[in-house]
Amino acid sequence: GLMGFGAMIFAAFLAACASTGGKAPRMGEMLANATGQNGRACVRQSDIRGYGVLKGDVISIDGSRAYYLATVLPGCNDLRTSVASIFNGGFGEICGGGMDSLATSGGDRCLINKIYKFVSREQALAVHKEAFDKREALK
């Protein structure tokens, strides 16, 4: 009957939602799980030797003595196209926690959500890849 048809449509709708995966965990959560860190690491602005944008809108930062991965709060649109980012933080450092930001070349001001610290670039990139791949599998 009609009720059975409605239930089928609803089930199909739910399946469609599940397959598009709107609710995969954010990269910040994935990195927190992978590192056991709270995401509130700080990096001195004078120590920043370079940075790049990785998959999942994660920023890799070469902090000369350590390597960092940072995530930004939603609403940061031109992170990928950003050639020159200006990190803005108090006391000459930027920290995870949503208080510090970076300005992109497109004029976007992106709030930094989490920063995770690593001993090396290799370790940071390996953890990022593992977290990103796990997140993709959950989508």
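Author: Let us start with C42 and C95, which form a disulfide with their sulfur atoms 1.9 Å apart; a disulfide here is a pair of cysteine sulfur atoms within 2.5 Å. This pair links distant parts of the chain, with C42 in strand β1 (residues 42–44) and C95 in strand β6 (residues 93–95), 53 residues apart. Strands are DSSP runs of E with at least two residues, numbered from the N terminus. The torsion about the S-S bond of C42 and C95 is about 110°, so this disulfide is right-handed.

A word on the model itself: it is predicted, so local features need pLDDT of at least 70 and side-chain atom pairs count only at pLDDT 80 or more, while totals for chains, interfaces and linings use all residues. Residues are numbered from 1 along each chain as its sequence is written, and side-chain values use heavy atoms, leaving out hydrogens and water.

Back to the cysteines: C42 is partly exposed, at a relative accessible area of 30%, whereas C95 counts as buried at 16%. Buried means under 20% relative accessible area, exposed over 50%, and partly exposed in between, using a 1.4 Å probe and protein chains only.

Now for C76 and C110, which also form a disulfide, their sulfur atoms 1.9 Å apart. C76 lies in the loop between β4 (67–72) and β5 (86–88) and C110 in strand β8 (residues 109–118), so the bond ties together parts 34 residues apart in sequence. With a torsion of about 70° about the S-S bond of C76 and C110, this disulfide is right-handed. Both C76 and C110 are buried.

That brings the count to 2 disulfides, and counting bonded cysteines along the chain, they follow the pattern 1-3, 2-4.

Technical notes:
Helices (H or I, at least four residues) and strands (E, at least two) are DSSP runs, numbered from the N terminus.
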